[in-house]
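Hi,

I'm passing a structure over to you, and my notes on what I found follow below. Have a look at the picture first, then read on.

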Amino acid sequence: MPHNIAILGSTGSIGTQTLDVISRFPDRFKATVLAAGSNVSQLIEQAVKFRPSLAIIADESKYERLRDVLSPLGIETAAGSAALADAMERPDFDTVVTATVGYSGLLPTIRAIRAGKQIALANKETLVVAGELITRLMTEASTRIVPVDSEHSAIYQCLVGEDPATVSKLIITASGGPFRTFTREQIADVTPAQALQHPRWNMGAKITIDSASMLNKAFEIIEARWLFDIAPERIEAVVHPQSIVHSMVEFIDGAVKAQLGIPDMRLPIRYALGDASRLPASERSLMLSDYAQLTFEKPDPEKFPCLTLAPYALNRGGNAACIINAANEVAVRAFLEEKIRFPEIFTTITDALEAIPFVESPSLEDYVATHRATIQFAEEHTGCRIPLHV
């Protein structure tokens with residue numbers, strides 16, 4: 001029997017590559033639930049091809065079209081964030097790929113965990129926003145999280161068979177983004193078009209901008225702290241422009257294990273869907289002879305101040321990371337719409353940290369309230385509005 005999969009964010013970069021993996025292993029996997037934000041045309045195409053039991057569009061204004069096309073095919077349809085969260089309790093899948101962008105992945109992931117679903121986690125913001133809460137829920141649930149992010153998948157793979165007590169340090173690699181060689185003065189005047197030109201990875205606009213600011217690396221440090229239950233001071237980032245070494249683990253005896261591969265997200269997706277087992281690849285494999293050298297360098301927090309938000313959030317705790325994430329969601333949209341300059345992404349976040357009340361031990365309701373309040377503050381701060389996910 002095929003392994004049944006739900007994909008949240010099926011029309012995004014991770015979602016489409018997940019469906020590509022599923023199409024290559026039809027005897028092993030079946031997509032039974034597909035959910036998208038607003039791209040109803042692509043969702044319809046996917047549903048017609050993969051014939052899931054359910055297709056969900058978050059944008060309720062697109063629902064009529066979805067229903068009219070898919071209902072005659074016997075495919076159930078739904079719309080809205082509540083329907084998406086409710087779908088996480090369906091019995092017709094056992095693994096959910098959380099490939100949505102930003103805060104929108106939090107509530108469905110919580111519902112899926114409570115329903116005992118295995119989580120193939122590509123939405124790093126879930127653990128960034130509410131890592132302590134998610135960790136607590138996982139101790140009560142009969143399930144697990146398998147990371148899909150290339151960096152965390154690499155660490156996950158390096159830790160297989162190792163005693164956690166022997167781990168000295170996690171080393172998360174970063175490409176450095178499009179502005180690695182820019183001066184601080186040059187970065188101040190970059191355009192959205194420049195920021196979207198990632199040198200290695202083909203990703204959605206939001207995560208590409210996060211890569212350019214290196215906030216994605218701060219988020220990955222926060223995520224790793226919760227995912228691998230390791231002290232923040234034992235996690236560091238290193239810039240690796242070739243993006244061949246996806247991350248490393250250093251052990252107490254001085255040994256360092258690394259996972260290498262070409263920059264292709266289908267490798268960690270296959271590993272996660274295959275329940276941490278190896279499935280054959282159709283794409284080309286890594287040829288080290290193609291690379292004259294693999295280089296590593298320290299990231300520069302002077303040029304990329306968003307990196308400093310990781311230690312701040314982890315030391316501060318509470319709802320600090322939730323504020324950072326929400327302010328960034330608005331700031332990135334504002335930058336893409338040319339309403340703020342690139343350095344103002346960071347200042348929007350720091351202004352929000354000063355303005356939004358700190359909650360030391362937040363409940364789920366506190367996270368929701370913090371997200372709402374921060375979105376409102378950042379929208380007023382930047383003059384940019386975004387859809388509010390609750």
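A word on terms before the tour: two strands count as paired if DSSP finds at least two bridges between them. Helices (H or I, at least four residues) and strands (E, at least two) are DSSP runs, numbered from the N terminus.

This is a predicted model, in which local features need pLDDT of at least 70, side-chain atom pairs count only at pLDDT 80 or more, and totals for chains, interfaces and linings use all residues. Residues are numbered from 1 along each chain as its sequence is written, and side-chain values use heavy atoms, with hydrogens and water left out.

**The four-stranded sheet**

Let's begin with an open sheet of four strands in the order S9-S8-S10-S11, with mixed pairing. Strand S9 (235-239) and strand S11 (256-260) are its edge strands, each pairing on one side only. From one strand to the next, the twist averages 20°. (Axes are lines fitted to C-alpha atoms, for helices over the stretch in contact, and angles run from 0 to 180 degrees between N-to-C directions.) Strand S8 (residues 167-174) runs parallel to S9, and five bridges join the two. To find your way along S9, look for Ala237, which stands opposite Ile172. Helix H7 (residues 150-159) lies across S8, strand S10 (245-251) and S11, and runs at about 40° to S10. Contact, here and below, means heavy atoms within 4.5 Å.

**The seven-stranded sheet**

There is also an open sheet of seven strands, ordered S4-S3-S2-S1-S5-S6-S7, with parallel pairing. Strand S4 (76-79) and strand S7 (145-147) stand at the edges with a single partner strand each, so one side of each is left without a neighbour in the sheet. Neighbouring strands here are turned by 20° against each other on average, direction ignored.

Strand S1 (residues 3-8) pairs with strand S5 (residues 95-98) in the parallel sense over four bridges, and Leu8 has Thr98 in S5 as its bridge partner. Val33 stands opposite Leu54 in S3.

How are these strands connected? S1, helix H1 (residues 13-24) and S2 make a right-handed β-α-β unit. S2, helix H2 (residues 40-50) and S3 make a right-handed β-α-β unit too. A crossover is right-handed if, with the strands pointing away from the viewer, the path from the first strand over the helix to the second runs clockwise.

How much of strand S2 (residues 29-36) is covered? Seven of its eight residues are buried. Buried means under 20% relative accessible area, exposed over 50%, and partly exposed in between (1.4 Å probe, protein chains only).

**The cores**

The largest nonpolar core has 86 residues, and Ile22, Leu170 and Phe342 touch the most other members. Helix H14 (residues 320-336) gives the largest share of this core, eight residues. A second, separate core of 31 residues includes Ala6, Ala87, Leu127 and Leu364. By nonpolar core I mean a set of buried Ala, Val, Leu, Ile, Met, Phe, Trp, Tyr and Cys residues joined through side-chain atoms within 4.5 Å. Not counting residues up to four places away in sequence, Phe342 touches Phe179, Ile187, Val190, Ile209, Ala212, Ser213 and Phe335.

Asn319 sits in the loop between helix H13 (309-316) and H14. Is Asn319 buried or exposed? At 0% relative accessibility, Asn319 counts as buried. Its side chain reaches the backbone nitrogen of Val359 at 2.9 Å, a polar contact (a pair of N or O atoms within 3.5 Å; within protein, one must be able to donate a hydrogen and the other to accept it, and residues adjacent in sequence count only if both atoms are side-chain atoms). Leaving out residues up to four places away in sequence, Asn319 touches Pro357, Phe358, Val359, Pro362, Tyr367 and Thr370.

Helix H12 (residues 266-273) is mostly covered, with seven of its eight residues buried; among them are Arg266 and Arg270. Just after H12, Asp275 takes a positive phi of about 60°.

Cheers
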